[in-house]
Amino acid sequence: MAIVWTLIIGGLIGWISSLIIGIDIPGGIIGNIIVGFIGAWLGVLLLGEWGPLFKGVYILPTLIGSLILVSVVSYIGVIRNNYH
């Protein structure tokens, strides 16, 4: 059951990050889950384990890490589109 909660939370965090930044993550729900997972890893790596904990996921570092990841991905997309 833990993997189901991890998938749900990863998807929600990725979706919320894309809404805040204002871009659509390629890949739909799978893309949101991937961004949520990588964002969780990045956020905890950079910021540590703090803030509210829900089902084993630190919400604030995960959200901040996902926002950083979505920002970098959107910046790379803008640069790529400008050179083509």
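**View 1. Threonine 62 and the backbone of tyrosine 58.** The side chain of threonine 62 gets to within 2.5 Å of the backbone oxygen of tyrosine 58, a polar contact (N or O atoms within 3.5 Å, one able to donate a hydrogen and the other to accept it; residues adjacent in sequence count only if both atoms are side-chain atoms). This is a predicted model, where local features need pLDDT of at least 70 and side-chain atom pairs 80 or more, while totals for chains, interfaces and linings use all residues. Numbering runs from 1 along each chain as its sequence is written, and side-chain values use heavy atoms, leaving out hydrogens and water. With 2% relative accessibility, threonine 62 is buried (buried is under 20% relative accessible area, exposed over 50%, partly exposed in between; 1.4 Å probe, protein chains only).

**View 2. Serine 18 in helix 1.** Serine 18 belongs to helix 1 (residues 2-21) and is buried too, at 7%. Its side chain reaches the backbone oxygen of tryptophan 15 at 2.8 Å.

**View 3. Tryptophan 5 with phenylalanine 54.** The count is 1 aromatic pair (Phe, Tyr or six-membered Trp rings with centres within 6.5 Å; planes under 30 degrees apart are stacked, over 60 edge-to-face, the rest tilted). The ring centres of tryptophan 5 and phenylalanine 54 are 5.7 Å apart and the planes at 90°, so this is edge-to-face.

Conventions. Helices (H or I, at least four residues) and strands (E, at least two) are DSSP runs, numbered from the N terminus.
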